[in-house]
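Colleague: Could you take me through this model? Keep it short, please.

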Amino acid sequence: MNSQSLAGILGAIIASIVLIAAVVYGPIGQMGKPPAKPANVQPGPAIQPVPAAPAPRGPVVREVPNQ
C-alpha cells in the first residue's frame, strides 16, 4: 500500500465525515429556520399622513403707512 492509496482512503473517510455532519446539522443560516413571526400589532386608528409644507412663495412686500 503506497502513500497515494493511503491518502485516497483517508480523503474518502474525511469527505464522508463532512457529508454526514452536513446532513445531521442541516443548512447554515436562515435557510433551515422557520420565518420569524411578526410581533402582535393591535389594529388602532389609522395614522394620518403629515401634510406637506406649503409651496414657497415670492417675497412679501408690505406697505408701511406714512405718519
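Colleague: What span should the 23 residues of H1 have, and how far apart are its end C-alpha atoms?
Modeller: This is a predicted model. The expected span is 1.5 Å times one less than the number of residues. For the 23 residues of H1, that gives 33 Å. The end C-alpha atoms agree, since they are also apart by 33 Å.

Colleague: Which residue just after H1 takes a positive phi?
Modeller: H1 covers residues 3-25. Just after H1, a positive phi of about 75° is taken by Gly 26.

Colleague: Is Ile 13 buried, exposed or partly exposed?
Modeller: Ile 13 sits in helix H1. Its relative accessibility is 42%. Buried needs under 20% and exposed needs over 50%. Ile 13 therefore counts as partly exposed.

Colleague: What percentage of the 67 residues in the chain is buried?
Modeller: The chain has one helix and zero strands. Its accessible surface comes to about 7,300 Å², with 67% belonging to carbon and sulfur atoms. Of the 67 residues, the buried share is 0%.

Conventions: Residues are numbered from 1 along each chain as its sequence is written. This is a predicted model: local features need pLDDT of at least 70, side-chain atom pairs count only at pLDDT 80 or more; totals for chains, interfaces and linings use all residues. Side-chain values use heavy atoms; hydrogens and water are left out. Helices (H or I, at least four residues) and strands (E, at least two) are DSSP runs, numbered from the N terminus. Buried means under 20% relative accessible area, exposed over 50%, partly exposed in between (1.4 Å probe, protein chains only). Accessible areas come from the Shrake-Rupley method with a 1.4 Å probe; for residues, only the protein chains shown count as cover.
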